[in-house]
Amino acid sequence: MWSNNSAAPFLLTGFLGSEAIHHWISIPFVVIYFSILLGNGTLLFLIWNDHSLHEPMYYFLAVLAGTDLGMTLTTMPTVLSVLVLDHREIAHGACFTQSYFIHSLAIVESGVLLAMAYDRFIAIRTPLRYNSILTNSRVMKVALGVVMRGFVSIVPPILPLFWFPYCRSHVLSHAFCLHQDVMKLACADITFNRLYPVVLVALTFFLDALIIVFSYVLILKTVTGIASGEERAKALNTCVSHISCVLVFYITVIGLTFIHRFGKHAPHVVHITMSYIYFLFPPFMNPIIYSIKTKQIQRSIVRLLSVHSRA
């Protein structure tokens with residue numbers, strides 16, 4: 001009974017009831033995806049190319065931009081395939097792999113924002129020891145730890161998806177594969193798959209957010225102790241970009257969580273739109289925030305443009 005149905009591919013879903021205008025809906029998606037690739041790609045190029053940006057803060061920013069690019073390149077193929085080509089089928093292996101990368105990169109993003117908070121904490125609390133504490137090797141170890149945490153911690157709930165039988169509907173509710181979506185289609189005991197993500201979210205997203213808030217309480221305590229008003233403003237200004245990115249990320253996470261938990265009766269389009277905001281808004285906004293608020297990146301962009309204009 002299970003074997004025939006288990007082998008059938010999953011069906012992705014775009015905007016239910018709006019299939020006739022999917023090709024129009026795809027236009028803003030193409031523009032946003034292109035902007036994300038251009039913005040984060042430019043940030044990575046600038047940090048790689050400009051020696052004035054070879055500092056811990058910008059190395060962590062490069063990891064953030066790489067994570068945002070990874071998330072975008074993970075969701076983009078299936079989203080555009082559904083909206084532009086109306087191709088909804090996805091093989092099980094491809095679906096589980098996409099789900100693995102989506103959830104891993106979300107945890108990595110949270111971890112990078114925590115690492116960036118640590119960087120700002122050291123820079124403001126102990127500025128004279130900043131370079132001796134955050135050496136290149138230590139930055140590499142922190143970045144590697146953040147990436148490993150994301151990619152290892154998500155293995156336990158994803159692996160069972162490969163051997164679960166699927167005898168129910170094969171229709172997924174998004175244009176990409178999410179673990180919580182896929183597991184509901186399994187005809188098996190999914191208790192572990194229900195409980196593990198709750199614990200994981202508490203130990204990653206929730207704990208990271210608490211530590212970030214705590215680090216900023218200590219940063220503010222330090223800043224208020226600085227006598228000069230100009231120095232106070234300068235110290236806080238170095239944190240503005242990071243705080244903005246943290247707010248963009250966690251507000252979308254909280255919004256998506258609330259919709260899933262309490263929006264049972266909300267229209268399907270609200271759930272779908274909120275999930276797209278979660279996946280697209282932070283990668284879209286992060287390069288803009290850092291380009292507007294960070295003078296060194298602005299100078300690097302000007303240098304890059306002037307070199308090209310001379311060429």
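**Cavities, a pocket and ring pairs**

Tutor: F249 and Y250 are both buried, where buried means under 20% relative accessible area, exposed over 50% and partly exposed in between, for a 1.4 Å probe and protein chains only. This is a predicted model, in which local features need pLDDT of at least 70 and side-chain atom pairs count only at pLDDT 80 or more, while totals for chains, interfaces and linings use all residues. Residues are numbered from 1 along each chain as its sequence is written, and side-chain values use heavy atoms, with hydrogens and water left out.

Student: Which element of the protein has the highest mean pLDDT?

Tutor: The pLDDT is the predictor's confidence in each residue, from 0 to 100, and its mean over the protein is 92, with 96% of the residues at 70 or more. Elements are DSSP runs numbered from the N terminus, helices being H or I of at least four residues and strands E of at least two. Helix α1 (residues 2-7) has the lowest mean, 53, and the highest, 97, belongs to helix α6 (residues 136-153).

Student: How are the rings of F249 and Y250 arranged?

Tutor: Rings of Phe, Tyr and Trp (its six-membered ring) pair if their centres lie within 6.5 Å, and planes under 30 degrees apart count as stacked, over 60 as edge-to-face and the rest as tilted. The whole structure holds 16 aromatic pairs by this search. For F249 and Y250 the centres are 5.0 Å apart and the planes stand at 80°, so the pair is edge-to-face.

Student: Which element gives the largest share of the lining of the largest cavity?

Tutor: On a 1 Å grid over the protein atoms alone, a cavity is a set of points where a 1.4 Å probe fits but cannot get out, a pocket is an open set with protein on both sides within 12 Å along at least five of seven lines, and lining residues have an atom within 4 Å of a point. Two cavities of 30 Å³ or more are found, and the largest has a volume of about 60 Å³, a volume being the space filled by probe spheres set on points joined across faces, edges and corners. Its lining includes D68, E109, F249 and Y278, and the largest share, four residues, comes from α11.

Student: Is M57, in the lining of the second largest cavity, buried or exposed?

Tutor: The second largest cavity holds about 50 Å³, and M57, F60, R120 and T238 are among the residues that line it. M57 is found in helix α3 and touches D119, R120, Y130, T238, Y290 and T294, not counting residues up to four places away in sequence, contact meaning heavy atoms within 4.5 Å. With a relative accessible area of 12%, M57 is buried.

Student: How many charged residues line the second largest pocket?

Tutor: The second largest pocket has about 620 Å³ of space, and of its 20 lining residues the closest to its centre are R120, K234, A235, N237 and T238. Ala, Val, Leu, Ile, Met, Phe, Trp, Tyr, Cys and Pro count as nonpolar, Asp, Glu, Lys and Arg as charged, and the others, Gly among them, as polar. On that basis the lining divides into eight nonpolar, five polar and seven charged.
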